[in-house]
Amino acid sequence: MVAVIFTERCNGCGWCLDVCPHQIISLNENKKAEIYDADRCIECGACALQCPKDAILAHPLGCGCVSSVVRKKIRKVLHIPEKSTECC
Ligand code: SF4
Ligand code: SF4
């Protein structure tokens, strides 16, 4: 699932822009985050993890570019074993 941004929750902080590995998020004229090239979204979940307003829905466990440290913390919170096959 490509990340989805719920603009009504977005406060325009821009944090998601900074973490997107493909730099495909921008702020529109209303200072709301938008994904302008969804075909390049790799569903890493980094933007959703970074958003302070929970305004982004994306793969909750991430893959590829979300650091293993972050993944480890998420697994701990969600009580998912380290070698679980629930994540890629
Ligand atoms: S899920 Fe990853 S690639 Fe997709 S918009 Fe968010 S940070 Fe960028
Ligand atoms: S991190 Fe969240 S609140 Fe900040 S610009 Fe991105 S979507 Fe909006």
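Leaving aside neighbours within four places in sequence, which residues is Cys-47 in contact with? In this predicted model, the partners of Cys-47 are Ala-3, Cys-16, Val-19, Cys-20, Ile-25, Ile-56 and Ala-58. Cys-47 also belongs to the largest nonpolar core, which has 18 residues. Ala-3, Ile-5, Cys-16, Cys-47, Ala-48 and Ile-56 have the most contacts inside this core. Strand E3 (33-35) and helix H2 (46-50) each supply at least two of the core residues. H2 gives the most, with four residues.

The overall fold can be described next. The protein contains three helices and four strands. Along the sequence, these elements follow the pattern β-α-β-β-α-β-α. The protein has 88 residues, and 25% of them count as buried. Contacts between residues at least 6 apart in sequence were also examined. Of these, 44% join residues at least 24 apart.

Two ligands are present in the model, and each has its own shell of residues. Around ligand 1 there are 16 residues. Ala-3, Cys-20, Cys-41, Cys-44 and Cys-47 come nearest to ligand 1. Two of these names return from the core: Ala-3 and Cys-47 are among the residues with the most contacts inside it. By class, the shell of ligand 1 divides into 13 nonpolar, two polar and one charged.

Ligand 2 is surrounded by 14 residues. The closest are Cys-10, Cys-13, Cys-16, Ala-33 and Cys-51. Cys-16 is also listed among the core residues with the most contacts, and Cys-16 is one of the contact partners of Cys-47. The shell of ligand 2 has nine nonpolar, four polar and one charged residues.

Backbone geometry draws attention to two loop residues. Gln-23 is found in the loop between helix H1 (15-19) and strand E2 (25-27). Phi of Gln-23 is near 55 degrees, a positive value in a residue other than glycine. Gln-23 is exposed because 12 other C-beta atoms lie within 10 Å, and a residue counts as exposed at 12 or fewer. Lys-31 is found in the loop between E2 and E3. Lys-31 is not a glycine, yet has a positive phi of about 60 degrees. Lys-31 likewise has 12 other C-beta atoms within 10 Å, and is therefore exposed.

Tyr-36 has 11 other C-beta atoms within 10 Å, so Tyr-36 is exposed. Not counting residues up to four places away in sequence, Tyr-36 touches Ile-24 and Ser-26. The C-alpha atoms of Tyr-36 and Gln-23 are separated by 9.5 Å, although the two residues are 13 residues apart along the chain.

The average pLDDT of the protein is 81, and 72% of the residues score at least 70. Confidence is highest in E2, at 97. Helix H3 (residues 68-78) has the lowest, at a mean of 66. Over residues 84-88 the pLDDT is below 50. Beyond near neighbours in sequence, this stretch has four contacts in the model. Where pLDDT is low, the predicted coordinates should not be read in detail.

Key
Residues are numbered from 1 along each chain as its sequence is written. Chains are lettered from A and ligands numbered from 1 in the order in which they are written. This is a predicted model: local features need pLDDT of at least 70, side-chain atom pairs count only at pLDDT 80 or more; totals for chains, interfaces and linings use all residues. A nonpolar core is a set of buried Ala, Val, Leu, Ile, Met, Phe, Trp, Tyr and Cys residues joined through C-beta atoms within 7 Å. A residue is buried if 20 or more other C-beta atoms lie within 10 Å of its own, exposed if 12 or fewer, and partly exposed in between; C-beta atoms are placed from the backbone. Two residues are in contact if their C-beta atoms, placed from the backbone, lie within 7 Å. A residue is near a molecule or strand if its C-beta atom, placed from the backbone, lies within 6 Å of it. Ala, Val, Leu, Ile, Met, Phe, Trp, Tyr, Cys and Pro count as nonpolar, Asp, Glu, Lys and Arg as charged, and the others, Gly among them, as polar. pLDDT is the predictor's confidence in each residue, from 0 to 100.
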